[in-house]
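Subject: Structure for your attention

Dear colleague,

Please find the structure below, followed by a short account of what was found in it.

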Number of protein chains: 2
Amino acid sequence: MTPQDRVHDAYARLARGERPEAWITLRAEEDVLADAAALEQRLAAGELLPLAGSLLAVKDNIDVAGLPTTAACPEYAYLPERSAPAVRRLVDAGALVLGKTNLDQFATGLVGTRSPYGAVRDVRDPARVSGGSSSGSAVVVALGIADLALGTDTAGSGRVPAAYQGVVGVKPTRGLVPTDGVVPACRSFDCVTVFARTLGDARQAMSIMSEPAGRPWPADAPLAAPPAPVVAVPDRDELVGMSGPWLDAFEQAAQALVKAGARLRPIRLAPFLAAAKLLYGGGFVAERYAAVGAFLDGHPATADPTVAGIITAARDVPAHVLVADTERLERLREQAMAEWGDADALLLPTAPVHPTIAQVAADPVGVNALVGTYTNFCNLFDLAAVAVPAGEVEGGHFGVQVIARGFADAVAADVAALILDEPAPAPPTGGLPLLVIG
Amino acid sequence: MTPQDRVHDAYARLARGERPEAWITLRAEEDVLADAAALEQRLAAGELLPLAGSLLAVKDNIDVAGLPTTAACPEYAYLPERSAPAVRRLVDAGALVLGKTNLDQFATGLVGTRSPYGAVRDVRDPARVSGGSSSGSAVVVALGIADLALGTDTAGSGRVPAAYQGVVGVKPTRGLVPTDGVVPACRSFDCVTVFARTLGDARQAMSIMSEPAGRPWPADAPLAAPPAPVVAVPDRDELVGMSGPWLDAFEQAAQALVKAGARLRPIRLAPFLAAAKLLYGGGFVAERYAAVGAFLDGHPATADPTVAGIITAARDVPAHVLVADTERLERLREQAMAEWGDADALLLPTAPVHPTIAQVAADPVGVNALVGTYTNFCNLFDLAAVAVPAGEVEGGHFGVQVIARGFADAVAADVAALILDEPAPAPPTGGLPLLVIG
């Protein structure tokens, strides 16, 4: 299929109207076709474009030149002149932007329901949430409309919806992908992520987006997992909040690793779970107020009530609490990394439950906190993670995440590949060295 | 002189009673003599001790096992069981601890007057302040009683008293010397420093204290200044708050660099001076509240009123202000480093004025802020600095600081040596490799 054929195909699918709430701004088909025609000219001229014709959706807290950035708050919207580097690099490599996707407002949430553009529903079961905050991005990839979609991940927003929608979500080490042109959620911890249907596609996009990295790679960053990686896996009784079938599904994912040659060892999660609670329960939430609090104070009627409640409550958190939490986080990180020891990676469920929209409506903050149990600590501890599908449970997708140390992104992806049993990605078309891209 | 002879000599000088307010805890002579006797046995047994018999004073916010740590607040005092690593490493290398020195309470101040143990006076002119907060440490080195003295430096506390007392003060890159066993002032920015009468002695002590470093050295950390270093030097009209004779003295120091082969180039100080104001004027002061605020709330009568006023006022600073200041600091750092360009070092006066005790009493906060004009930004920007004497002005010592990028500590010291025209230090006695020490 030529790029123009792919665009035609996507808009035919869009015309069916599946999950329309996944989009905030959809480009006119003729505009995307014009981009595709230009792309075909570049290809005809001999340009090597590793993503030629890949259809890209962009979470609507990431700037795309000429399309409004709303962060799911219409009154907040602005029209950026430049695309975020993450977007620009993918487009330079041949991706075609379809539009901007729905999200939990200001990327504050893990459910996908906190948006005036509509609660984004699960692709399989419309009674369940899509997961968030990168709700629309995960859904349009799961529907097969987009090949790649950008998300962001502070508390788990690039992983939870991947798990619920049965797609791959790659959350890089903090800072590797520049966050310029991204509406900050909790600026110290925000990451740009990517969703795809295969790990190979997600890795390729991530390598393009992180070159050059926004943060220097250390000289000892591992380039691959060792042949028989040691993977830390918590016992069943460490996994709070999960039902029996979910625990069984998790154990099956761990056994898939064993079959692929990994060595498992147990790990206690207490310091990880304690840190997870710091993200919303203490001083760090003040970063959300610093980002958009003044706007919300001035536009009280425009916000999602749950989001506004969380962010404006952070106005009065004292700075010394943030300082104390920062120190506490440092101690928890030391404890957690002592638990981690010499493991190459940590295997965890991506989320402990998959709630319905009704359950979230009944307890918006409590259910959201439960959903983030296993994702919230990741950026606080400066870790990399890859969320992959791991079978089904109770008629829905089950997902796990492989977590690695900061800058060990390749280790996380290699171990995740063992669960997927996906063939190694082919070398990029035309053998284009990645450093030339973007 | 044997170590015991040196101890006898120091206690004879102490008996003269010069600047007794420089000390908070002075060890009994017989205890230090016992240490000296033990040291002589180690030397007789063939141990190689590069600091054998060096007399060491320790600022009283740094733990020495068995001596109370007061931080200049008697009610805060505790008796540490272990010495701080900085102290332990020097003692292991042969230094003999004489006692603990006076300071601006909780290391909050640059003047030396904020202590219930007495305002520490300048060695030459008792009407002037010693400088602080490491007041006693600088004074006992200037008096020739101690060979080495430890200080700390958050806003300039390891440099300002060096300038006023005509000694060398080395402030390493943040984190190179562990801050365990140090009462935090503003924890993100605190550094352990050393005072000595020669740069060679100070560098030797610093290399012992920073091995192993509390923060990993990057692979590209420079080991020396280039032969003809480029030194950024502000023009006279950039130097706010200084009188004509002080400006002349500064220009003479710059000319000394030229004579020694350095190339000067101008630099604008606006982003540096703007950052300096953030240390006390915004959110960062909440770190001081986080460190000792709860203690001060519970013991309102025990604190120095100026110190308590600064710290307890930080109780109500909102966290979002700290977040915004952190982001503002990042932007100012980018601007400052753009001004810095390819310079190897930056030459600045250590302080713009040398106030009298009466001037400080009349305006404790304002005069202190003026004193810190050229030192406050250093740790905020993660820079290294070496303060050295640079002649005299108006009957007092004049001092300059050579500032280098983080981890370019050797560059700062090498450029500072050009001003001092001090011979290169001899290799350590016995040729002991430094990595064996501590």
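A salt bridge is a side-chain nitrogen of Lys or Arg within 4 Å of a carboxyl oxygen of Asp or Glu. By that rule, 4 salt bridges cross the interface of chain A and chain B. In one of them Arg187(A) pairs with Glu330(B), with 3.1 Å between the closest N and O atoms.

This is a predicted model, in which local features need pLDDT of at least 70 and side-chain atom pairs count only at pLDDT 80 or more, while totals for chains, interfaces and linings use all residues. Residues are numbered from 1 along each chain as its sequence is written, chains are lettered from A in the order in which they are written, and side-chain values use heavy atoms, with hydrogens and water left out.

The contact (heavy atoms within 4.5 Å) takes 15 residues from chain A and 15 residues from chain B. The two chains bury about 1300 Å² between them, 67% of it on carbon and sulfur atoms; this is the accessible area (1.4 Å probe) lost on putting them together, summed over both. In chain A, Arg187(A), Ala319(A) and His320(A) lose the most area to chain B, together 39% of what that side buries.

Helix α1 of chain A covers residues 3-15; helices are DSSP runs (H or I, at least four residues) numbered from the N terminus. Its buried residues (under 20% relative accessible area, 1.4 Å probe, protein chains only) are Pro3(A), Val7(A), Ala10(A), Tyr11(A) and Leu14(A). Seen down the axis of α1(A), they fall within an arc of 95° and so line one face of the helix, the arc being that of the directions from the axis to the C-beta atoms.

Yours sincerely

Definitions and conventions:
Helix = DSSP H or I, 4+ residues; strand = E, 2+ residues; numbered from the N terminus. Expected span 1.5 Å × (residues − 1). Buried < 20%, exposed > 50% of the residue type's maximum accessible area, 1.4 Å probe, protein only.
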